[in-house]
Amino acid sequence: MGHIGSWLPVLVLLCSSPWPSAAEDADVEAAEWARVRRHACIVAFNTRRQEFKELSSVMAQELHWDILRRAGNPTVCLGEGHRFFFVLFFYSTWRTDSTTADFGACVPSACDGHVVIDEILPAMYHHFFEEHADYRPDGSLD
C-alpha cells in the first residue's frame with residue numbers, strides 16, 4: 001500500500017496542471033477569432049456605410065416609418081461581393097401593439113449573422129430605434 005500512496009500525489013499533480021487544456025486554448029482562440037471578425041465587419045461597414053444603406057431598404061420617418069425599397073438591391077449587393085440578408089423585424093413597446101416588418105439589408109462580406117443583428121442593423125437603422133425608445137438617456141421612462 002505504501003507504493004500506491006507514493007504515486008497518489010503525482011496523479012493529483014498531473015490532474016491539476018497549471019497549463020491550459022486544449023479545450024481552454026480552443027475557447028480562447030475562438031473568442032479572439034470572433035473579436036477579429038467583428039472588428040473587420042464594423043470597419044468594413046463604416047468605411048462604405050452609405051453604399052450599404054443605398055443597397056438596403058430604407059425606413060422613412062416622414063412616411064410614418066414606412067419601408068421604401070423593401071427588397072433592397074440583392075443583385076448588386078451580391079454582385080459586388082457583399083452579403084445580403086432578408087430581415088424579419090419584430091418590435092413591441094408598451095405604447096403599441098406588436099409589429100413586424102420585413103426588408104432587405106446589404107452588409108459587408110466580413111459580417112456574420114450575429115454581428116449583423118447585434119451591431120450592423122442597429123447602426124443602419126439607429127434613427128428608428130432612437131425614435132421608438134421607451135426611455136430617456138437618464139434611464140427614466142417616456
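How many aromatic pairs does the chain hold? I counted 2 aromatic pairs, taking rings of Phe, Tyr and Trp (its six-membered ring) with centres within 6.5 Å, where planes under 30 degrees apart are stacked, over 60 edge-to-face and the rest tilted.

**Entry 1: ground rules**

I noted that the model is predicted, that local features need pLDDT of at least 70 and side-chain atom pairs pLDDT 80 or more, while totals for chains, interfaces and linings use all residues. I number residues from 1 along each chain as its sequence is written, and side-chain values use heavy atoms, with hydrogens and water left out.

**Entry 2: the aromatic pairs**

I looked up Phe45 and Phe52, which form a stacked pair, 6.1 Å centre to centre with 25° between the planes. Phe45 counts as buried because its relative accessibility is 1%; I use buried for under 20% relative accessible area, exposed for over 50% and partly exposed for in between (1.4 Å probe, protein chains only). Phe52 is also buried, with a relative accessible area of 1%.
I then took Phe84 and Phe86, whose planes stand at 75° with ring centres 5.1 Å apart, so I logged this pair as edge-to-face. Phe84 is buried at 15% relative accessible area, whereas Phe86 is exposed at 62%.

**Entry 3: the chain as a whole**

I listed 6 helices and 4 strands, where helices (H or I, at least four residues) and strands (E, at least two) are DSSP runs numbered from the N terminus. From the N terminus on, I read the order as α-α-α-β-β-α-β-β-α-α. The chain has 142 residues, and buried ones make up 25% of them.
For the accessible surface I have about 10000 Å², with 61% of this belonging to carbon and sulfur atoms; the areas come from the Shrake-Rupley method with a 1.4 Å probe, and for residues only the protein chains shown count as cover. Of the contacts (heavy atoms within 4.5 Å) with a separation of 6 or more, 51% are between residues 24 or more positions apart.

**Entry 4: disulfides**

I found 2 disulfides, the rule being cysteine sulfur atoms within 2.5 Å. Cys41 and Cys111 form one of them, with sulfur atoms 1.9 Å apart. This pair links distant parts of the chain, 70 residues apart: Cys41 sits in helix α2 (residues 22-47) and Cys111 in the loop between β4 (99-107) and α5 (113-124). The link of Cys41 and Cys111 is right-handed, with 90° about the S-S bond, and both residues are buried.
A disulfide also joins Cys77 to Cys106, S to S 2.1 Å. Cys77 is in helix α4 (residues 74-79) and Cys106 in strand β4, so this pair ties together parts 29 residues apart in sequence. I logged the Cys77 and Cys106 disulfide as right-handed because the torsion about its S-S bond is about 90°. Cys77 is buried at 0% relative accessible area, and Cys106 is buried at 0%. With the bonded cysteines numbered in sequence order, I wrote the pairing as 1-4, 2-3.

**Entry 5: the nonpolar core**

Which residues have the most contacts inside the largest nonpolar core? I noted Met59, Phe89, Phe103, Ile120 and Leu121, in a core of 23 residues. At least two residues of this core come from each of α2, β3 (83-91), β4 and α5. The term covers buried Ala, Val, Leu, Ile, Met, Phe, Trp, Tyr and Cys residues joined through side-chain atoms within 4.5 Å.
I followed up Ile120: leaving aside neighbours within four places in sequence, Ile120 is in contact with Cys41, Phe45, Val107, Cys111 and Val115.

**Entry 6: two loop residues**

Is His82 buried or exposed? I logged His82 as buried because its relative accessibility is 9%. His82 lies in the loop between α4 and β3. Its side chain makes a polar contact with the side chain of Glu51 at 3.5 Å. For a polar contact I require N or O atoms within 3.5 Å; within protein, one must be able to donate a hydrogen and the other to accept it, and residues adjacent in sequence count only if both atoms are side-chain atoms. Beyond four places in sequence, the contacts of His82 include Phe52, Cys77 and Cys106.
Ser57 lies in the loop between α3 (49-54) and β1 (58-60). I have Ser57 as buried, at 3% relative accessible area. A polar atom of the Ser57 side chain lies 3.0 Å from the backbone oxygen of Arg69. Beyond four places in sequence, Ser57 is in contact with residues including Arg69, Phe103 and Tyr125.
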